[in-house]
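Reader: I am new to protein models and would like to learn how to read one. Could you walk me through it step by step?

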Amino acid sequence: MRLSQSIFLSLGLPLSSFALQNDLQKPLTFTNPFDNINAPHCPAKTPLSCQRKSEPVDSCCYDDVLFLSTQFWNYYPAIGANDTFTLHGLWPDNCDGSYEQFCDSSMNINNVTEILEQFGEHELLEKMKEVWLNINHNDESLWLHEFNKHATCIDSIKTPCYGGLGTNYQPHQNVVDFFKVTVNLWEKLPTFQWLAEAGIHPSVDVTYTKKQIEEALAEKFGATPFIKCNRFNGIQEIWYFNTKKGSLLEQNFIPLPSLMDGKCPDEGIKFYPKGSLGKEPPRKGGPTRGYVKLDGQDGCLIRSGKWIIGGSCATYYLEDAPFGGHQLKSRNGYCSISKTDGSLICAKNIKPMQFQLDKSTGFLGLNGKESWSTDKAPRKYHYVPVYLGDQKDVKFKLRFDKI
């Protein structure tokens, strides 16, 4: 589940100024257990990610994104060791707080285990089986999702970047490297140990303040991470924000304070022992039916994803996505963003994207954005495409109205 909040709003200052303040922040320098990565030698003057001004840079040595190392405390139901925050992923976020997903279908893979075994990465695979766990126990599906959704949006691990490394590139070398880097960064962030050293231990009775938890982790990490709690006010997720210098393969991560407010109460936070609440009951019911309307505008969306005024609203279905968020579909099929013109499209044979739903307002967002727009409002009984973001003249939000 991703949040829709601009980092400019959360910081109250331009990111360029923020990044400059963090030039002196020490990078994470722990030993990498999977360090046999052949990385390029990028120029020393390469700017930190999200700090480039106007000068051209080599995309193989510069990713214009921030990197979030994300961990889960899965206690309901219990997943992973009792003293371990499991690994969820390494997410590249845009500098404005939004993000992309499923960026380059030519990089998609369909079997992580097979690739790692072909490269002889048995130790890496065993580590992933230990700490990179899916709540439904199908770990392979989580690994595939993380690579196809997030790694395909990282420029510095695209195939052309391997041409100057002095080796013969083997297909899927970037896949192996992505998983190595992700596990290496997780190893540098022993959340459970850091909390224990501050006297914060799992308990069904003891509560903690958000300040206690943030300060305990900030002291070790070097910056305040993002902390998320669930409906039981229990710690559930920790996100560590990083800027980076050079190629992802160089693993030169530099901690940043969280670019959004932690989603936990100020007081009364529980750190539940794994399994202390028993097994979570299975979810019941199917997709939610509704219309997709435009807040502040007449009309609604037809089943292709286009806006019409004066016609009939299409019935849409909102269902839980396997790894958080929601999938949106109409009778045409799942909804996504068109690779051709960037408009919302719902059609057959489309890979569903993960939409956000604000339950209090019904607003639908995507990629960390809630704003939508188009060039002009449609004439009666005509339709126009809608686009993610507010770059067009007519701006609005999409609202899912249950029926």
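This is a predicted model: local features need pLDDT of at least 70, side-chain atom pairs count only at pLDDT 80 or more; totals for chains, interfaces and linings use all residues.

Reader: Where does Gln251 lie, and what is its phi?

Author: Helices (H or I, at least four residues) and strands (E, at least two) are DSSP runs, numbered from the N terminus. Gln251 sits in the loop between strand 5 (235–244) and strand 6 (253–256). Its phi is positive, about 60°, although Gln251 is not a glycine.

Reader: How many helices and strands does the protein chain have?

Author: The protein chain has 8 helices and 20 strands. It holds 403 residues, and 52% of them count as buried. For the surface, accessible areas come from the Shrake-Rupley method with a 1.4 Å probe, and for residues only the protein chains shown count as cover. The protein chain exposes about 18,700 Å², with carbon and sulfur atoms supplying 47% of that area.

Reader: Which residues does Thr70 touch?

Author: Contact means heavy atoms within 4.5 Å. Leaving out residues up to four places away in sequence, Thr70 touches Thr86, Leu87, His88, Gly89, Trp91, Ile238 and Trp239. Thr70 belongs to strand 1 (residues 65–72), and it counts as buried because its relative accessibility is 0%. For the protein chain as a whole, take the contacts between residues at least 6 apart in sequence: 66% of these join residues at least 24 apart.

Reader: What does Val206 contact?

Author: Apart from neighbours within four places in sequence, Val206 is in contact with Ile269 and Lys270. Val206 and Lys270 are 64 residues apart along the chain, yet their C-alpha atoms are separated by 6.8 Å. You will find Val206 in strand 3 (residues 203–208). With a relative accessible area of 39%, Val206 is partly exposed.

Reader: At what angle do helix 5 and helix 6 pack?

Author: Two packed helices are described by the angle between their axes and the distance between the axes. Axes are lines fitted to C-alpha atoms, for helices over the stretch in contact, and angles run from 0 to 180 degrees between N-to-C directions. Here helix 5 (residues 139–149) and helix 6 (residues 173–187) pack at about 105°, and their axes are 11 Å apart. That makes helix 5 roughly perpendicular to helix 6; angles under 35 degrees count as roughly parallel, over 145 as roughly antiparallel, 65 to 115 as roughly perpendicular and the rest as oblique.

Reader: Which residues meet there?

Author: From helix 5, Trp143, Glu146 and Phe147 meet Asn174, Val175, Phe178 and Phe179 of helix 6. The residues of this contact divide into 5 nonpolar, 1 polar and 1 charged. In this grouping Ala, Val, Leu, Ile, Met, Phe, Trp, Tyr, Cys and Pro are nonpolar, Asp, Glu, Lys and Arg are charged, and the others, Gly among them, are polar.

Reader: How many disulfides are there?

Author: A disulfide is a covalent bond between the sulfur atoms of two cysteines. The rule used here takes a pair of cysteine sulfur atoms within 2.5 Å, and the count comes to 7 disulfides. One of them joins Cys335 and Cys346, whose sulfur atoms are 2.1 Å apart. The torsion about their S-S bond is about 100°, so this disulfide is right-handed. Cys335 lies in strand 13 (residues 333–337) and Cys346 in strand 14 (residues 344–346), so the pair ties together parts 11 residues apart in sequence.

Reader: What is the torsion about the S-S bond of Cys50 and Cys95?

Author: That torsion is about -90°, so the disulfide is left-handed. The sulfur atoms of Cys50 and Cys95 are 1.9 Å apart, and both residues are buried. Cys50 also has a positive phi of about 65°, although it is not a glycine.

Terms used: Residues are numbered from 1 along each chain as its sequence is written. Side-chain values use heavy atoms; hydrogens and water are left out. Buried means under 20% relative accessible area, exposed over 50%, partly exposed in between (1.4 Å probe, protein chains only).
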